[in-house]
Each structure stands twice: as C-alpha cells, then as structure tokens.
Amino acid sequence: MKKEIIVPKAGLTMTEATVGLWLVSEGDAVEKDQVVLELATDKITVEVTAPCDGIMVSILHQEGETVATGECLAMMETEAAEAERPSASQAASGATGEEKVYDVAVIGAGPGGYVAAIRAAQLGGRVVLIERNDLGGTCLNTGCIPTKTLLRAAEFVKMPKIAAEYGVFFEKPQVDYSRLIDYKDRVVRKLQNGVAGLLHKNKIELLKGLGTLVDPHTIEVRTEDRKSHRIEARHIIVASGSRPHIPEIPGLKEAGPMTSTEALAGKERPRSVAIIGAGAIGCEFAGMYAPLGTEVTLIESADQILPGMDRDLARVLAQSLHQEQVRILTSATVTRIGIHGGRKIVHVETGQGSQTIEADAILIATGRRPDVEQMRELGVRLEGGKIAVDDQMRTSIPSIYAVGDVTGIEFLAHAASAQGIVAAEAAMGRPSTMDYRTVARCIYTSPEIASVGLNERQAKEQGREYRIGKYAFEANGRALTYGETAGFVKVLRDTRYGEILGIHIIGPNASELIGEAIMAVHLEATAEEFALAIHPHPALSEVLLEAILASMGRGIHS
C-alpha cells in the first residue's frame, strides 16, 4: 500500500518551505516517526517524519526546491514491501543468507567513532557503526554542544550591564529555564540528524545496540529488542568513550549528586549548587549558572582553578568568576557530605580550617574515566586504566584500534576526531600518524580560554630556552569597541631558533583566535615569520601579533 509524505503546516503563517536535507534515499527502510527530511522556512526548521513503517519508494522534491504546505514530498510503500526487506540487524548478522564481512567496524558513534566510520567509507571500505545511545556521543548530547548553548544564554543575561556602558538601556532579562532547555534539545536534535545524514550519504550501516568484542575480528551486538547479532570485520575501531568519575566521599551517594548529564537534562535550575572540581567542566558550569541566578560555590583540591593550565590564565578567570559572585575554594578537600532539611551540607577542609557549605544541589565535575572494561577481558594492553595505543591508534592487538576518551590521552572532541581519521586511514592501509602538538584546549567561560603548544612548565621540563611575549586586550581597539577587555595573549618563543612553542589566550573570542595559533605551531613558524604577516586593523587578532612582537622585544604598542 502506498503512503504519502506531505509538507506539514507548522504555525499559522506557514504557506511554503524549502526542501533542506533528505536523511534517507529511495529504497531505504524507514520506521514510523523517523525524521526523514528537514524543511526550512524563513523562521524555523521543520522536521518531517515518516507516517508509518515502510520503504521509501520515490522522492518527489529535491534539496533546494520550494514546496507548499500539503504538497506531496515522497511516496512510501508499506506492509508487504516492508516485510520483504531485511533490517540492518538482519543484514549484519547474515540472516538473509549472505555472509557479510566488513572492512571496518566501529563501536561508538561519538566524534571519534562516526568520523572514523566516514573516513573509512571515503577510502572505499565497507563500514558498520554500532551505537547503543544517541548519535554524537557525550560531546553532542551531554557535553560540548549543550553547555555552549546554555553559556550563550548566560551571555545574554549579562548584556544589559555591558550595554549600559554604551548608553543603551533595557530591562533586566527574565530567564525561562525550561524553555532554554527545550532550545538546547532542538540544537542537539538538529545536529544528531546532521550526523545521521552524513552516515547515510557515505553508505555506512548503523546498528543500534551494545557492541561487545568477542575476539580480534568479531563483535557481538545486543540490540534494543534484546536480540544478539555477530559482526565480522577485518579491523575494529573502539570509540566507546568515557564516564564521569565519581569520587569516594562519605555521604555523596546518599546526597544524590548530579553529573553534567543530569545537570543538562533538568528543566529546573538549582537555586544554589556546590561544584566539586574546578577543571574545564566545573568552571564552565560555574560561569553558566551564576549569571542565570544560581548561587555557586566552586571547590578544587589543587592550589588553582584549571589545574595544569597556565597560571596567568587561571588567575584572570578566577577574577572574572569572583565578579559573577562565584565563591571559589582552592587547596580544598571535601571530607563528607550530609543532608539537613532537604539541603546538602558539604564539609570542606582548607588551609584556613574547616568549612561547611549548604546547597540545593551538588555537581560532580572531577573528570572522566575511560570505559575500558571489555578491553581488559579481551587482553588488550592497558596503561593506568586507559587503552595503550601507538601513533596510528593501534592497540596491542593489531586488528583493533582505539580512539577518543578510551585512550585517556586527550578528553577532547576534536582530538577524538583527529584520532578517528588516523585510525581509519591506518586500517585502510594509508600511512597516517597522530600529532598532538596542535591539539588546542578551549574553555568556553567568560572570558574564553584557548591554548595550543607548550606552557611554561612543559617548556622547562623539555629543557627549552624561551622568552615570553604578552599583550593585553585592554590595549586593543576592537576589544574596547566590544566592551570586553579582560585577558591577554601570552606567547612562548624559542630563543635559539625563534620557533613559536606555545600560544595561550584568555579573552574575547579566544576559541576562534586560537585557529591562527594552531597553524603557527603546526607549521613550526618562527616569530619573525609570523611578524611579517600583516594583520587587519581594528581586529582582535592584532593582540596575537603584538604578543609575538613582544616576545622579540619589538612590541609596537607595548
């Protein structure tokens, strides 16, 4: 039986839309309520879903065409036609009688796994991607993207104070936190659909379920319907990610703490929160919650926030958080947690003695741990609770590769994607190795922080002789026009060859400015070469140039 997919009417004023991204092709099996197409109007993006289970027989309108509400977009075949078509899980398990051996099987569809799958497919491989949860992994669903969406809302809340300096006044913003979470969910869903479209475009088979390694070439997949299937592959890439590290603190479990996952899912904002851990995650949540009206206490066992980060950058961020009324305790150890009258009581030991902190919620931000249990059982070599890999991301078992958080090298989405590309190319016979020199570390606080290359401690440990160049945003014309002048750029220059060893930024748009710094480190550029590149004026990037010049004692505006 044929079934039409029509243009829905989204809102009272919608009369037409533009065909955006088709997420399926003719001949594909689709399920009821599966998103098959994105339509764009002048105001919103509309997701079109399948009205029933069936086969996509014909697509009548291509991407970029204008269609009217009620118009037929595609035709589906239901019932018998659907029954005749094998499912992805049946095809993977060989239930149709055709034995299928993949070139590459990937476990985990986060930024390491799905990128590895795409690259392997680009190189001509037959690829299957196994994921038990939503596409995109921690970064897309409970990490990078959700937090940046909420941090953007925090920026809006602070806008009246900045605007007043310009003589522009408007009422203090009112925050509908539930609506903010709904918007975050729409952003995540749109990007999930984008990943699904990329997998489809590259003809990658997606199998929903829990993948477990059986031997160096076999994966057992238990799907949502509790059926078990076996996947055979010449090469396997493990990208199973990590999980939050929950410290052993008496009373913590009973207090019902949040991790970032629960914090980003809740529709209600806590009135007060104690954040245990002041690394990137803890500082971002502090910078998000405080402007939205939550009373925040940030607790860190090290002697500075952002342990391991350049001390000068951490100091500026601490000052900014203090201005947002965030209470910061460093060199502080949480000894126990109690509950009184429904509130959490956090007992802390500091250099100044014992303190108690009352809060409505506790957020654990003490890092993440690689998810490596099944690798231990298979006999893959582990080092310090992480999978040991070489520079091609190959494990101690030659047919098995590992990328992303499971390697414990860098807990960063862009590092995982780079590792995924290297692993896929190595698996497909291409010479490819991982270079960590240009992995940038970005923290999306206010002001933002971004860093690439060596910091002072690392340069000293390597015995490098260096000079520092520094330039503040408060002396930059564009930063002054923005009204955002906190922070600086700090450059480490090798004194022997002039090579740029590291660049560290805290200030407006640091996560974007770091791109130029990444190229400088990647190309092993010298300060002299960098200084010859004429930078536009007025621009924030001039701060980079001035810091480079300062490292040579040639600062123009210093």
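Helices here are DSSP runs of H or I with at least four residues, strands are runs of E with at least two, and both are numbered from the N terminus. You're looking at a predicted model, where local features need pLDDT of at least 70, side-chain atom pairs count only at pLDDT 80 or more, and totals for chains, interfaces and linings use all residues. Residue numbers start from 1 along each chain as its sequence is written, and side-chain values use heavy atoms, with hydrogens and water left out.

**Stop one: helix α3**

Select residues 113-122. Because 9 of the 10 residues of α3 are buried, the helix is largely enclosed by the rest of the structure. "Buried" is under 20% relative accessible area, exposed is over 50%, and partly exposed lies in between (1.4 Å probe, protein chains only). Among the buried ones are Y114, V115, I118 and R119. Now show what covers them: the list includes β9 (101-107), β10 (127-131), α6 (177-201), β13 (228-238) and α11 (413-427). Just after the helix, click on G124, which has a positive phi of about 95°.

**Stop two: the largest nonpolar core**

A nonpolar core is a set of buried Ala, Val, Leu, Ile, Met, Phe, Trp, Tyr and Cys residues joined through side-chain atoms within 4.5 Å. The largest one has 40 residues; pick out I275, Y289, L298, I305, L306 and L321, which touch the most other members. Elements giving two or more residues to this core include α5 (144-165), α8 (280-292), β16 (295-299) and α9 (311-323). Its largest share, 7 residues, comes from α8.

Zoom in on L298. Setting aside neighbours within four places in sequence, its contacts (heavy atoms within 4.5 Å) include I275, C283, A286, I305, L321 and I328. Apart from this core lies another, of 30 residues, with A440, V489, I505 and A527 among them.

**Stop three: a five-stranded sheet**

Next, display the open sheet of 5 strands, ordered β26-β27-β30-β29-β28 with antiparallel pairing. Two strands count as paired if DSSP finds at least two bridges between them. At the edges sit β26 (441-443) and β28 (466-472), each pairing on one side only. From one strand to the next, the twist averages 10°; angles run from 0 to 180 degrees between N-to-C directions, with axes fitted to C-alpha atoms, for helices over the stretch in contact.

Follow β26 to β27 (448-453): they pair over 3 bridges, and I443 has I449 in β27 as its bridge partner.

α14 (510-522) touches β26, β27 and β30 (500-507), its direction making about 10° with that of β27. α16 (542-551) touches β28, β29 (488-494) and β30, at about 145° to the direction of β28.
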